[in-house]
Amino acid sequence: MPGQKRWSVDRLAGFLGPLVQKGLRSVILFGIPEVNRSGKDGRGSIADDPQGPVIQAIKLLRKEFPTLYVACDVCLCEYTDHGHCGVLHPDGLINNEPSVARLAEVAVNYARAGAHCVAPSDMMDGRIKAIKLGLIEAGLAGKTTLMSYSAKFASALYGPFRDAVDSAPSFGDRRCYQLPPGARGLARRAITRDLAEGADMIMVKPTMPYLDILSEARDLAGDVPLACYQVSGEFAMIHAGAKAGVYELRRMAEESCMSARRAGATLILSYFTPEFLEWLPA
Ligand SMILES: NCc1[nH]cc(CCC(=O)O)c1CC(=O)O
Ligand SMILES: [Zn+2]
Ligand SMILES: [Zn+2]
């Protein structure tokens with residue numbers, strides 16, 4: 001991940017300050033707990049630790065940068081000892097009910113700490129409804145955006161991210177809960193379901209190999225904003241191609257994001273954001 005770093009909470013403002021000066025308006029947080037696997041457990045208890053990196057970072061950013069929109073990825077895989085995105089049955093299969101309950105708890109705690117947006121990336125069935133109800137009960141549904149990673153595919157392109165956050169599953173893989181790359185119908189159903197469950201924004205992930213899905217999502221979503229995530233492997237690939245002399249980095253980065261806009265994305269999550277703040281006229 002060329003140029004990418006993990007930031008501790010005490011250095012976050014120093015990193016983001018210059019970017020906010022250049023026009024950065026929103027961020028999404030991913031937590032990496034400061035413990036080895038022994039601090040992790042079966043239900044990801046440390047995901048919403050009040051002293052943990054996510055809750056601490058939300059509070060700091062809200063205070064330091066009053067105009068910055070703060071979104072949080074919501075998942076358990078960075079915090080569970082088994083590295084899966086939900087709570088498991090003894091035989092290793094996902095146990096949906098406690099998974100969804102736990103994810104909702106985490107999302108509500110991020111919202112309570114001040115997150116403007118909570119974005120579940122786990123892909124458990126029914127979590128959008130559970131989070132929405134949790135936000136309503138906490139009196140936060142009116143001020144917290146619920147952005148669903150709706151069409152998230154079991155892609156080969158997440159490798160650099162999993163290395164960076166140490167969240168690779170200790171056994172098995174994520175194909176039981178992420179969508180098979182060929183599953184157009186399942187993607188449509190997941191998007192329709194998440195909209196019905198109360199998603200305020202939906203997402204397609206990864207981006208470049210899934211522009212057809214993005215375009216279909218545009219139609220399914222109607223007036224709901226549509227995000228896409230240019231993931232770690234896409235970023236690494238674009239950099240590798242530039243390094244190999246295939247194209248100029250800036251042109252390819254711009255072309256990749258332009259194509260996502262053309263396909264219908266309202267919003268793009270990209271590791272190129274600091275570069276774009278340099279490249280694009282204010
Ligand atoms: N559920 C965790 C999560 N949230 C975002 C990414 C991928 C991000 C990237 O590759 O940039 C992943 C990894 C995964 O599903 O294995
Ligand atoms: Zn996960
Ligand atoms: Zn399964």
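Trainee: Where is Tyr-79 found?

Mentor: Tyr-79 is in the loop between β2 and α3. The model is a predicted one.

Trainee: Why is Tyr-79 called buried?

Mentor: The cut-off for buried is 20 or more other C-beta atoms within 10 Å. Tyr-79 has 26, so Tyr-79 counts as buried.

Trainee: What is Tyr-79 in contact with, leaving aside neighbours within four places in sequence?

Mentor: Tyr-79 is in contact with Pro-33, Lys-40, Gly-44, Ile-46 and Ala-47. As for Lys-40, it is 39 residues from Tyr-79 along the chain, and the two C-alpha atoms are separated by 5.4 Å.

Trainee: What is noted about phi of Met-123?

Mentor: Phi of Met-123 is near 75°, a positive value in a residue other than glycine. Met-123 lies in the loop between β3 and α4.

Trainee: How do you know whether Met-123 is buried or exposed?

Mentor: By the count again. Met-123 has 23 other C-beta atoms within 10 Å, and 20 or more is the condition for buried, so Met-123 is buried.

Trainee: Which residues of helix α7 are buried?

Mentor: In α7, residues 211–221, they are Ile-213, Leu-214, Ala-217 and Ala-221.

Trainee: How do you know on which side of α7 they are?

Mentor: These residues cover an arc of only 100° around the axis, which puts them on the same side of α7. An α-helix has 3.6 residues a turn, so residues three or four places apart point the same way. The face turned away from the buried side carries the exposed residues Asp-212 and Asp-219.

Trainee: What do the buried residues of α7 pack against?

Mentor: They pack against β4, α6, β5, β6 and α9. Take Ile-213 as one case: it has 25 other C-beta atoms within 10 Å, and since 20 or more is enough, Ile-213 is buried. Not counting residues up to four places away in sequence, Ile-213 touches Ala-151, Arg-184, Ala-187 and Val-204.

Trainee: How do the axes of α6 and α7 cross?

Mentor: They come within 10 Å and cross at roughly 30°, and the crossing is right-handed. By class, the contact has seven nonpolar, one polar and three charged residues. Among the residues that meet are Ile-191 and Leu-195 in α6, with Leu-220 and Ala-221 in α7.

Trainee: And how do the axes of α8 and α9 cross?

Mentor: They come within 9 Å and cross at roughly 150°. This crossing is right-handed. Ile-238, His-239, Gly-241 and Ala-242 in α8 meet Leu-249, Met-252, Ala-253 and Ser-256 in α9. By class, the contact has five nonpolar, three polar and no charged residues.

Trainee: Which residues surround ligand 1, and how does the shell divide by class?

Mentor: The shell includes Asp-73, Cys-75, Cys-77, Cys-85, Tyr-158, Arg-162 and Arg-174. By class, it has six nonpolar, two polar and four charged residues. Cys and Tyr count as nonpolar, and Asp and Arg as charged.

Methods: Residues numbered from 1 in each chain as written. Chains lettered and ligands numbered in written order. Predicted model: local features only at pLDDT ≥ 70, side-chain atom pairs only at ≥ 80, totals over all residues. Buried ≥ 20, exposed ≤ 12 C-beta atoms within 10 Å, placed from the backbone. Helix = DSSP H or I, 4+ residues; strand = E, 2+ residues; numbered from the N terminus. Arc of directions from axis to C-beta. Contact = placed C-beta atoms within 7 Å. Near = placed C-beta within 6 Å. Axes fitted to C-alpha atoms, helices over the stretch in contact; angles between N-to-C directions. Left-handed = near helix turned anticlockwise from the far one by under 90°.
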